[in-house]
Amino acid sequence: LQNASPDMVSSQGTAINEALNLAKTYYNNDEQTNRFLIIISDGEDHQEETKQVAQNMSEEGVKVYTIGVGTEKGGPIPIKVSGSLVGYKKHKGETVVTRRKAEVLEEIANAAGGRYIDGNKTEKPVDFIENLIANAQKNEFEMAIRSVCEPIFAKPLKDIYGYQA
């Protein structure tokens with residue numbers, strides 16, 4: 001997570017419904033019992049249909065949990081290189097200021113049968129995710145192990161003495 005940054009994505013800006021639509025492609029197996037998605041975002045969603053997409057996910061059995069980061073007051077997006085601040089994100093020469101929109105994230109989580117968590121209190125979302133995973137229904141997988149017993153001495157003995165195992 002220390003290496004995560006906004007520069008890791010090809011297009012900047014928040015497009016939660018695109019993330020939701022992409023995530024839907026991962027829940028295409030009817031045998032999957034734990035269908036949940038965790039979104040960490042500032043909530044500055046710039047698309048109107050996000051709530052509907054989240055509701056559609058809920059109808060498909062996927063719960064969406066949102067974790068809000070940032071402050072309502074807002075602040076610039078730092079650019080760091082090797083952990084050192086080198087400046088702030090700019091768009092068309094202006095410093096980009098991001099603000100947390102908790103109400104947007106709450107609406108998305110509610111529409112998708114999930115829950116919103118304030119991500120600024122680090123312990124709370126970590127505990128929530130740990131509990132969510134710990135209490136998730138577990139599937140048992142069978143693994144067949146095929147043992148092939150073959151005398152390891154047979155080949156060298158055959159090669160040396162003409163022995164047949």
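Guide: Three bridges join strand β2 (residues 63-68) to strand β9 (residues 116-118), and the two run parallel; strands are DSSP runs of E of at least two residues, helices runs of H or I of at least four, both numbered from the N terminus, and two strands pair if DSSP finds at least two bridges between them. This is a predicted model in which local features need pLDDT of at least 70 and side-chain atom pairs count only at 80 or more, while totals for chains, interfaces and linings use all residues. Residues are numbered from 1 along each chain as its sequence is written, and side-chain values use heavy atoms, without hydrogens and water.

Visitor: How many bridges join strand β1 to β2?

Guide: Six bridges join β1 (residues 36-41) to β2, again in parallel, with isoleucine 40 opposite isoleucine 67; towards β9, threonine 66 stands opposite tyrosine 116.

Visitor: How is a pair of aromatic rings described?

Guide: By the distance of the centres and the angle of the planes. Rings of Phe, Tyr and Trp (its six-membered ring) pair with centres within 6.5 Å, and planes under 30 degrees apart count as stacked, over 60 as edge-to-face and the rest as tilted. The structure holds two such pairs. Phenylalanine 36 and tyrosine 65 have ring centres 6.3 Å apart and planes at 80°, so this pair is edge-to-face. Phenylalanine 36 lies in β1 and tyrosine 65 in β2, so the pair ties together parts 29 residues apart in sequence. The rings of tyrosine 65 and phenylalanine 128 have centres 5.3 Å apart and planes at 55°, so they are tilted; phenylalanine 128 lies in helix α4 (residues 123-134), 63 residues from tyrosine 65.

Key:
Buried < 20%, exposed > 50% of the residue type's maximum accessible area, 1.4 Å probe, protein only.
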